[in-house]
Amino acid sequence: MQNPLHRGFYCLKYTIIYGILKKSGGDSVADEKEILKKRFRELYNRSQNRGIYVYSDFLNAYEQALLDEEIRYGYTLCGGYPDAERKLACFGNENDFGYSPCPPVEIVCISPLSEKFADDLTHRDFLGSLMGLGIKRETLGDIVINKNKGYLICLDTMANYIIDNLTKVRHTSVTCESCNEIPLEDLPQPKEKMIIVSSLRLDVLISGVYDISRSKSSALIDGEKVFINGKLTKSNSVNIENGSMISVRGYGRFRYTEVLGTTKKERIRIMCEIY
């Protein structure tokens, strides 16, 4: 069985060092990147040196992109369900170790005790109630919501604590139980949106999908808040390939699926799936 101390190594080291960094008045953005990359390298080396799988906590899209910059191979990502946004890194591979990894991930189903008297619960409501229990964000993955029911992906070390202590979301009494997987019918279903654009440039697509200005979409890219298929991009003008998943922090995700044709003014009609 995997030693649970390995699972929290990244989180513990990052929290301690980043706290020292803030007190020292360093360049928090640049130094944070280097700290994260160093922790990823340490986890990778620990896995290789000991011949065991080592896991990070849950990483957001930005942290996953930094991981890809630092370590190109020798790890996989797991988010608990297909198309998960927050994922943990599993360092090591079956060919080297001779056995399959067992990511420390569990799914907790959170349901209103009485649907009749329940509030209309949002992602913010579920996350806020979990944070109110003193739980750190890095121990939690995605929260999938369907018909007022929430499916929480979390580290297995947190599952029982959440099941025992989460009794309310907003003003709604809830019950929590462990489940093996998210039912197919409850997985996020994207909404199709047809947009008309002048080109397939990244800033143009973001502007069209989220109905924001080109300057705003460019600012999001310059601010390192846009990812193509999980990789950070800093180019406004890159042309997007069919099937690419675009993540925009603060807005969501969308997939460019196909070109439908052109208008009389030679503008492009494309279809996107918005999550």
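**Ground rules.** I number residues from 1 along each chain as its sequence is written, and I leave hydrogens and water out, using heavy atoms for side-chain values. Since the model is predicted, I kept to pLDDT of at least 70 for local features and to 80 or more for side-chain atom pairs, while totals for chains, interfaces and linings use all residues.

**Entry 1, the five-stranded sheet.** I took helices (H or I, at least four residues) and strands (E, at least two) as DSSP runs numbered from the N terminus, and I called two strands paired if DSSP finds at least two bridges between them. I found an open, antiparallel sheet of five strands in the order β5-β6-β4-β8-β7. The edges are held by β5 (140-146) and β7 (168-169), each with a single partner strand, so one side of each has no neighbour in the sheet.

**Entry 2, β5 and its partner.** I counted five bridges joining β5 to the antiparallel strand β6 (residues 149-155); I145 has G150 as its bridge partner, and L140 stands opposite C154. Two residues separate the strands of this hairpin, in which K147 takes a positive phi near 55 degrees. Taking buried as under 20% relative accessible area, exposed as over 50% and partly exposed as in between (1.4 Å probe, protein chains only), I noted that five of the seven residues of β5 are buried.

For contact I used heavy atoms within 4.5 Å, and for angles, which run from 0 to 180 degrees between N-to-C directions, I used lines fitted to C-alpha atoms, for helices over the stretch in contact. Helix α5 (residues 123-131) lies across β4 (105-112), β5, β6 and β7, at about 140 degrees to β5. Helix α6 (residues 156-165) touches β4, β5, β6 and β8 (172-179), and its direction makes about 140 degrees with that of β6.

C154 is buried, at a relative accessible area of 0%. The sulfur of C179 is itself 5.4 Å from its closest cysteine sulfur, in C109, again too far for a bond, and my count of disulfides is zero.

Strand β14 (residues 268-274) pairs antiparallel with β9 (residues 191-197) over seven bridges, K191 being partnered with I274. Seven bridges also join β14 to β13 (residues 252-262) in the antiparallel sense, with E273 as the partner of R255. Five residues lie between β13 and β14 in their hairpin, where E266 in the turn has a positive phi of about 65 degrees.

Methods:
A disulfide is a pair of cysteine sulfur atoms within 2.5 Å.
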